[in-house]
Amino acid sequence: MDSPDSDGLLAEQLLRLTRRLHRIQSRQLEPIGITPAQFRLLRTVAHYDGPPRMADLAQRLDVVPRAVTSLVDALEASGRVRRTPDPDSRRVVRIELTDEGRATLRSLRDARRAAAEEILAPLTADQREVLSGLLSALVAGMPERRC
């Protein structure tokens, strides 16, 4: 039977692993010139069939609209996204990936795979399979998040 202490230890281990993964990912994103938050926004834009509205992005990312504006400003300045007018409403702005944004996403996906490989390096293939099943069970039990 699990004790509260073992659950606390497990929670601490998960937090330490998460922090380590963030550090590795940030280190690998730095040469690309993008932050983890900007990466998340690019991934979110890419998941839409067409250019999303700023409000859609804020809702999907679960952030205030001003945070999306700041991220879009930085990504637009680097040529990775562009603002486009909505064909149905002059007051609505949509965000679309540029060719540079798509290329950045490909690089970022490679960096993310490299970060995961660094974290998973100590595990055998069988251990990775078990971990994948455990993480899938945890994710399936979480409230729905779109990103």
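The structure is a predicted model.

The secondary structure consists of 6 helices and 2 strands. Along the sequence these elements are arranged in the pattern α-α-α-α-β-β-α-α. The chain has a radius of gyration of 18 Å, well over the 15 Å that the globule rule gives for 147 residues, and therefore it is more spread out than a compact globule. The C-alpha trace spans about 60 × 30 × 25 Å along its principal axes. Of the 147 residues, 25% count as buried. Contacts can also be sorted by how far apart the partners lie in sequence: among those between residues at least 6 apart, 52% join residues at least 24 apart.

Is Thr44 buried or exposed? Its relative accessibility is 0%, and because buried means under 20%, Thr44 counts as buried. A polar atom of the Thr44 side chain lies 2.8 Å from the backbone oxygen of Arg40.

Within H5, the residues Gly101, Thr104, Leu105, Leu108, Ala111, Ala115 and Ile119 are buried. Seen down the axis of H5, these buried residues fall within an arc of 130°, so they line one face of the helix.

The next topic is the pairing of charged side chains. In general, side chains of opposite charge can pair when their charged atoms come close. How many salt bridges does the model contain? The count comes to 10 salt bridges. One of them joins Glu118 and Arg27, whose closest N and O atoms are 3.0 Å apart. Glu118 belongs to helix H5 (residues 99-120) and Arg27 to helix H1 (residues 4-29), so the pair ties together parts that are 91 residues apart in sequence. Glu118 is partly exposed, at 31% relative accessibility, and Arg27 is likewise partly exposed, at 48%.

A further salt bridge is formed by the side chains of Arg83 and Asp73, with an N to O distance of 2.6 Å. Here Arg83 in strand S1 (residues 81-85) is linked with Asp73 in helix H4 (residues 65-77), and the two are 10 residues apart. Arg83 counts as partly exposed at 28% relative accessibility, and Asp73 is partly exposed with a relative accessible area of 35%. This pair also takes part in a network of salt bridges that links Asp73, Glu76 and Arg83.

Arg94 and Asp86 provide another example, their side chains meeting in a salt bridge of 2.5 Å, N to O. Arg94 is partly exposed at 22% relative accessibility, whereas Asp86 is buried, with a relative accessible area of 9%.

Arg82 is partly exposed, with a relative accessible area of 37%. Which residues does Arg82 touch, not counting residues up to four places away in sequence? They are Glu76, Arg94, Ile95, Glu96, Leu97 and Thr98. For Arg82 and Arg94, the separation is 12 residues in sequence and 8.3 Å in space, C-alpha to C-alpha. With Glu96, Arg82 makes a polar contact of 2.5 Å between side chains.

Technical notes. Residues numbered from 1 in each chain as written. Predicted model: local features only at pLDDT ≥ 70, side-chain atom pairs only at ≥ 80, totals over all residues. Heavy atoms only, no water. Buried < 20%, exposed > 50% of the residue type's maximum accessible area, 1.4 Å probe, protein only. Polar contact = N/O pair within 3.5 Å; in protein donor to acceptor, adjacent residues only side chain to side chain. Salt bridge = Lys/Arg side-chain N within 4 Å of Asp/Glu carboxyl O. Helix = DSSP H or I, 4+ residues; strand = E, 2+ residues; numbered from the N terminus. Arc of directions from axis to C-beta. Rg over C-alpha atoms; globule rule 2.2 N^0.38 Å. Contact = heavy atoms within 4.5 Å.
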